[in-house]
Amino acid sequence: MTSDKCTRYFEDPEAHSAHLEECAECRVIQQQLEARVLSQPVRVDALPLAPWEGADHRSWPLVLGGALTITAIAAALFAAASVSPVDLLMQSFRGSVAIARSLVGVGGGILETAPVLVLGLFVIVNAILFALLRRAPKGIDV
């Protein structure tokens with residue numbers, strides 16, 4: 001079994017399959033390997049779980065702890081500033097509405113023609129895609 005032919009066979013059994021007809025030792029080893037592989041069924045229920053499947057480490061307590069910590073820090077900052085979170089949210093919303101109204105006043109002409117522009121661009125893009133899909137493919141079947 002120490003010949004070069006045996007070594008070549010075990011390196012690439014498919015390329016040197018004719019070697020089994022010549023060498024009895026390699027034939028016995030090959031039969032033993034096949035018997036081991038065929039006689040041991042794979043038990044799927046015994047496969048180990050990966051960490052993300054819940055086998056070892058669960059990170060949810062860390063996530064919940066972080067969320068509670070951030071909530072507590074935010075509550076402490078709101079209490080220190082003596083501001084209600086709802087009042088702050090409403091002030092922020094009023095400011096953004098005022099900015100949006102001023103933009104509508106400035107760009108009123110653009111907003112009036114926007115639906116026509118969007119419709120035109122929609123038709124143009126779809127016409128281009130339709131033309132590209134109608135072409136004969138250039139690949140394997142050319």
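View 1. Ile-128 counts as partly exposed because its relative accessibility is 49% (buried means under 20% relative accessible area, exposed over 50%, and partly exposed in between, with a 1.4 Å probe and protein chains only). The model shown is predicted, so that local features need a pLDDT of at least 70 and side-chain atom pairs count only at pLDDT 80 or more, while totals for chains, interfaces and linings use all residues. Residues are numbered from 1 along each chain as its sequence is written, and side-chain values use heavy atoms, with hydrogens and water left out. Ile-128 belongs to helix 6, residues 108-134 (helices are DSSP runs of H or I with at least four residues, strands are runs of E with at least two, and both are numbered from the N terminus). Together with Leu-117, Leu-121, Ile-124, Val-125, Leu-129 and Leu-132, Ile-128 makes a nonpolar surface patch of about 660 Å². Patches are made of residues with over 30% relative accessible area and no salt bridge, like charges being joined within 9 Å and nonpolar side chains (Val, Leu, Ile, Met, Phe, Trp, Tyr) within 5 Å; a salt bridge is a side-chain nitrogen of Lys or Arg within 4 Å of a carboxyl oxygen of Asp or Glu.

**View 2. The chain as a whole, as context for the close-ups.** The protein has six helices and zero strands, and its elements run α-α-α-α-α-α from the N terminus on. Of its 142 residues, 6% are buried. The accessible surface comes to about 12800 Å², with 67% of this area belonging to carbon and sulfur atoms (areas come from the Shrake-Rupley method with a 1.4 Å probe, and for residues only the protein chains shown count as cover).

**View 3. The salt bridge between Glu-22 and Lys-5.** The structure holds one salt bridge. It is formed by Glu-22 with Lys-5, whose closest N and O atoms are 3.9 Å apart. Because Glu-22 lies in helix 2 and Lys-5 in helix 1 (residues 4-11), the pair ties together parts that are 17 residues apart in sequence.

**View 4. Cysteines without a disulfide.** The structure holds zero disulfides (a disulfide is a pair of cysteine sulfur atoms within 2.5 Å). Cys-23 takes part in none, and the nearest cysteine sulfur to its own, that of Cys-26, is 3.5 Å away. Cys-26 is likewise in no disulfide, its nearest cysteine sulfur being that of Cys-6, at 3.4 Å. Cys-23 is buried, with a relative accessible area of 12%, and Cys-26 counts as buried at 0% relative accessibility.

View 5. His-19 is found in helix 2, residues 19-22, and is buried at a relative accessible area of 7%. Leaving aside neighbours within four places in sequence, His-19 is in contact with Lys-5, Cys-6, Tyr-9 and Cys-26 (contact means heavy atoms within 4.5 Å). Gln-30, which lies in helix 3 (residues 24-39), is buried with a relative accessible area of 19%. When residues up to four places away in sequence are not counted, Gln-30 touches Tyr-9 and Leu-20.

View 6. The 22 residues of helix 4 should span 32 Å at 1.5 Å a residue, and the end C-alpha atoms are 32 Å apart, which agrees (the expected span is 1.5 Å times one less than the number of residues). Although Ser-82 is not a glycine, its phi is positive, at about 50 degrees. Most residues other than glycine have a negative phi. Ser-82 counts as exposed, because its relative accessibility is 66%.
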